[in-house]
Protein chains: 2
Amino acid sequence: METIYASIITIGDELLIGQTIDTNSAWIAQELNKLGIWVRYRIAVGDVKKDIVDALVTCHAMSQLVIITGGLGPTADDITKPLLCEYFDGELIENTVVKEHVTQLFTKRKRPILDVNIAQAMVPSTCEVLWNGMGTAPGMWFEKEKRITISLPGVPFEMKNIMEEVALQKIQQYFTTPSVIHKTIATAGKGESFIAVTLKEFEANLPATVKLAYLPQLGGVKLRLTGIDSTDEAMTNLQNELYQLVQPIAFALQDIPLEKHIGEQLLAKQKTVAFAESCTGGSVCRLITSISGSSVYCKGSAVVYTNEVKHRVLQVPNELIEQHGAVSQEVAEAMAMQARTHFGSDIAVSTTGYMEKSKTVTDALVWVSVTDGTNTKTQSSILPYNREKNTELAVQFALNLLRVFLSNG
Amino acid sequence: METIYASIITIGDELLIGQTIDTNSAWIAQELNKLGIWVRYRIAVGDVKKDIVDALVTCHAMSQLVIITGGLGPTADDITKPLLCEYFDGELIENTVVKEHVTQLFTKRKRPILDVNIAQAMVPSTCEVLWNGMGTAPGMWFEKEKRITISLPGVPFEMKNIMEEVALQKIQQYFTTPSVIHKTIATAGKGESFIAVTLKEFEANLPATVKLAYLPQLGGVKLRLTGIDSTDEAMTNLQNELYQLVQPIAFALQDIPLEKHIGEQLLAKQKTVAFAESCTGGSVCRLITSISGSSVYCKGSAVVYTNEVKHRVLQVPNELIEQHGAVSQEVAEAMAMQARTHFGSDIAVSTTGYMEKSKTVTDALVWVSVTDGTNTKTQSSILPYNREKNTELAVQFALNLLRVFLSNG
């Protein structure tokens, strides 16, 4: 079966000057992947005719499907439609269905209809119009030399609407594509290179139709198996095999964040949690409460940012801080212990650390302690980045220690 | 003066399959714009040698500067570096400085160093190494036929670090670019269209060499004036004129976040702050403590996520919660009042709200109260997005109320 490749061209100065981040391309790529179509090339150009034509030529040489987004707004400097006319040997003609639709939209919103709005009904005679239920700029479908070109508006919800309602179905009908199955394993606590060594043999023995991708994130790596024309059973078997190999750092057979997994574990065990945060400033609790329904298992957090407040709010003895320093195993453990009673939770997690180097601190460092009142697990980690990244890493380190604590309990 | 154009090539299957959204390109474009360099073309390719070479050829034909990100990680298929060797007529040689740096990083983190890590020290002989203080993959600078090519790792904070610490300066020294002056005004509390109406006349009267950009963010809009070959005095005058027009929503004559401005205000007034957070789960305190040195003025936060804990930790009367509901002006004010004494701070800020619609909640909503014990300011806001965006918006709403409180005090 011939592999179907796609290219994406995004048009618009706002993308090139960095004012807008292109989220359309990722969404389109994901949707095409589900159909077994691979995005091979992506080009972003400004509102410059020559550059757009060059991009079209390049993309048509590389792929059977080209998707263009942007360049269709009701503005005067619009060059995309005349250019598509020229490229696909057509002329601009009025589409009565689109004109009716645009007119109705404006009447409904009780806004005066302008010439630039009516002009949206002008489309190249060589295209098939793709219905835009969410706006005034129609999508357009061109076929030339067994290659398909689709032009879509750049506004994300209009683009998505045309793709979901019309374009994806037409693409699937036009091309003969293989079936694609993705299986993901979420891991935490080890880096990409460490896992790669563990999986060297597994990777070497994978069938040619299955690929393994490492998707690193701060604090962990997502492992994704992609199978072409594979059965769901074969892919599930590979996923299970992979899961066994990366235990105990694997925590889920799906693409979920650590905080969601922890929430599920707390719910299953009917346990509540609370936090005492110094260096993380509330970030650990913020992530845990980002999950809908977390008020069932999360009591809260005492963000005790100064030594005085560690004593005032959590009764951490001043002598302990003086003797060992605020960033120490002893203070971390005292904070976790006190947080349990402070909030009346089953489990408590504490963080205390230096998030950046300074005159007095040679290495950024975090201490984390987890306790259920009987068992306590306390660990530290050196943090190699800047203040912002170190804080994120400290949060992931704390979440992972809580995960390990829960999985052993 | 010759216009300097840049192109950006991003390498990586994860970008093409839509797993990762490319935020690097927008950041790079913004930084180059500040130097008077315009991004003309952007190409995303997978880990395919032919496609990467094609992209290089295309981009070199269109621009004097090509920036490549990605394709350099320890598990990346060994394509990019050998390809750059070939393209720039070099051979892979070991760079002892990079090797030393990689070895030290692993020793410090007490992790075993692997062959794939050591391999990061192999670089093309025709490049100049750009120091990566945040990771193991070095940046590379190539010069060929008066065109510059820079290869950077794809991890955003590593890429940014190399650009900020080394590459941007080298780019500025290499190319002769027009002088570009940016003047920014940071605002909070109003949307883009509201501000656009206020500034209609100001915009119409701007000289042709000066442009005004609206950079909307959650909770506010940055206004950026860009002048090409303008004087600093003329630009400062325009900035001051603009500042007067958008008072009282403007809070800074520079591009700083609200939490930094608030920190500066607290330092200047020698006041301390503490928080009582329900719906925001610690996010307000997290932002305030993201600023280096914030322990001088930020005492901490009581994240009281459940009603029981609001009473247990902050002594909010149960009757008050029963009578008015936890999401109410009365409970917000009680939380702020209690947080002041709980932490011994001068000022306290509370948040309580619903972050998403549900069977019992028709509209997501937040109540925020700010108090110094004598004066109290309490306001609510409807939140129109999903749980995640609503939480961010609630945090910005709280920070802005604190800003207004401080500016009046």
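I take helices (H or I, at least four residues) and strands (E, at least two) as DSSP runs, numbered from the N terminus. The model is predicted, so that local features need pLDDT of at least 70 and side-chain atom pairs count only at pLDDT 80 or more, while totals for chains, interfaces and linings use all residues. Residues are numbered from 1 along each chain as its sequence is written, chains are lettered from A and ligands numbered from 1 in the order in which they are written, and side-chain values use heavy atoms, with hydrogens and water left out.

Entry on Val273(A). I looked up Val273(A) and found it in strand 13 (residues 273-277) of chain A. Its relative accessible area is 0%, and Val273(A) is therefore buried (under 20% relative accessible area, with exposed over 50% and partly exposed in between, for a 1.4 Å probe and protein chains only). Leaving aside residues up to four places away in sequence, I find Val273(A) touching (heavy atoms within 4.5 Å) several residues, among them Leu266(A), Tyr297(A), Cys298(A) and Leu402(A). From Ile171(A), Val273(A) is 102 residues away in sequence and 49 Å away in space, C-alpha to C-alpha.

Cys285(A) is in no disulfide, and the nearest cysteine sulfur, 3.9 Å away, belongs to Cys298(A). Cys285(A) has 0% relative accessibility and so counts as buried. In chain B, Cys298(B) is likewise in no disulfide, the nearest cysteine sulfur being that of Cys285(B) at 3.9 Å; with 1% relative accessibility, Cys298(B) counts as buried.

Notes
A disulfide is a pair of cysteine sulfur atoms within 2.5 Å.
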